[in-house]
Amino acid sequence: MISYFVIAMLAISIIVVMVLTIKFKVHPFIAMLLVAIFLAFTLHVPSSKESNYITEISALIGKGFGNALANVGILIVLGSIIGNILEMSGAALKLGEIVLKIVGKSHPALAMNILGFIVSIPVFCDSGYLILTPLRKAVAKKSGASPVALSVALSTGLYASHALIPPTPGPAAVVNLFGLEAHLLTIIIVGLIVAIPTSLVGAIYGIFISKYIKKPKYPDKSPTYETLISDIGELPSAWKALAPIIVPILLMAIGSIVRFDSLHLGEGFIVNVLIFLGEPTMALFIGFLFSLLLTHRFNREEIAMWIGDGIRSSGSILAIVGASGAFAEVLKSTELAKIIPELGHIFASVNLGLILPFIMASALKIMLGSSTIAVVTVASLFAPLLDTLGFVTPISQILVLMSIGAGSMIASHVNDSYFWIVVELSGLKINDAYKARTLATFVQGITALIIIMILAFLLR
């Protein structure tokens, strides 16, 4: 029997966070922590009858906070440091000039969307947004485009490839769960067919919604592009500006590729080194080392100041991401863990075709916030049911994979760490963030599902 009380409490908790942050201007960190504590006392299921309920709740919240920062904390700090160095050295302005020269000044949002799409194939979308934020700001100043449009275009470009194309963790996990390793190239091709229009829809939505959202409030004395150029003086060379971004991306891409069993590369020393260097933390640290080339003759005071500023600017993001992790951990300790399999059995009895995995992934994404958890959980439920549900051919199973990925894109909101990274780095008000970020992901998810259904009709 599904506990509707649990689902109702979850819905109420999400609404409370939204009301606290939008209406009462409570900081997201405090709002999510309050709701996490409330949910823990109302819904948490103790691990055993002998356990100390109060102590267990305290440990649970601490565990969630710590786990969230363990996954992305170092990435956020390193990304913030690299971003600050790129900004202070003028490298971001140089990158902006390069991008606009290639794509043209008339299409800056499209440029950011395409760039985000490419970067997120090997890189986590939150890491990609951190790395590319200085470039986004530079392009906004250089082109005069709406910062909101560029933020949405970049974040949706990153999001589309992250959810739909291996070797990102979610799709890669489904490849293994469904036993589709031999069809990896086909999966990537189908993923591109679904993800490219899904990404472009995000850019179009960003341009549309930016007309209804005021520009983020930057200081009134914010310098113009020309003033920045004159203050910095000579901009760094193109290779120095590109290295802190390109090198980590290449390392992560290589690290992802050598992991695939279908390549039969074994576990030799070189493979292990490439995997080690391809870990996001190590790749970004190497990117940080390359960013030091942008300082003026390795001036120690300048390096210390730029690094310190980068660390300080990451503090607010770290706090919010940690709180969202505590929120998610509490949810995982409730009856939701039992409800999800029950929903799977109920849905499995209804012939909904490819809409079924989409609905389940969407529900889990909205409840827990993590696209990767949604993808892996739903794929685990579906793996033994594929034949029963009629998905017997490789192409039909690949479309199930895509449907799960599309569902995991739906409604990125307060319990999603990527939501807060985009909000904080974009300078958006919370109510504007729901219009710009949450609705954009909803539009992307529905677009992806429509494309998948069309493919299913054409390939039947």
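Modeller: Pro 384 lies in the loop between helix H17 (371-382) and helix H18; helices are DSSP runs of H or I with at least four residues, strands are runs of E with at least two, and both are numbered from the N terminus. The model is a predicted one, in which local features need pLDDT of at least 70 and side-chain atom pairs count only at pLDDT 80 or more, while totals for chains, interfaces and linings use all residues. Residues are numbered from 1 along each chain as its sequence is written, and side-chain values use heavy atoms, with hydrogens and water left out.

Pro 384 counts as exposed because its relative accessibility is 61%. Exposed means over 50% relative accessible area, buried under 20%, and partly exposed in between, with a 1.4 Å probe and protein chains only. From C-alpha to C-alpha, Pro 384 is 9.3 Å from Leu 177, although 207 residues separate the two in sequence.

Next comes Phe 178. Apart from neighbours within four places in sequence, Phe 178 is in contact with Ala 379, Phe 382, Ala 383, Leu 386, Gln 397, Val 400, Leu 401 and Ile 404, where contact means heavy atoms within 4.5 Å. The largest nonpolar core has 130 residues, and Phe 178 and Val 194 touch the most other members of it. Such a core is a set of buried Ala, Val, Leu, Ile, Met, Phe, Trp, Tyr and Cys residues joined through side-chain atoms within 4.5 Å.

H18 contributes Ile 395, Leu 399, Met 402, Ser 403 and Ala 406 to the contact, and H20 contributes Gly 445, Ala 448, Leu 449, Ile 452, Leu 455, Ala 456 and Leu 459. By class, these are ten nonpolar, two polar and no charged residues. Ala, Val, Leu, Ile, Met, Phe, Trp, Tyr, Cys and Pro count as nonpolar, Asp, Glu, Lys and Arg as charged, and the others, Gly among them, as polar.

Ala 411 has a positive phi of about 55 degrees although it is not a glycine. Most residues other than glycine have a negative phi. Ala 411 is buried, at a relative accessible area of 14%. Ser 362, found in helix H16 (residues 355-368), is likewise buried, with 9% relative accessibility. Leaving aside neighbours within four places in sequence, Ser 362 is in contact with Gly 407 and Ile 410.

Finally, the setting as a whole. The chain has 20 helices and zero strands, and buried residues make up 53% of its 460 residues. Of the contacts between residues at least 6 apart in sequence, 81% join residues at least 24 apart.
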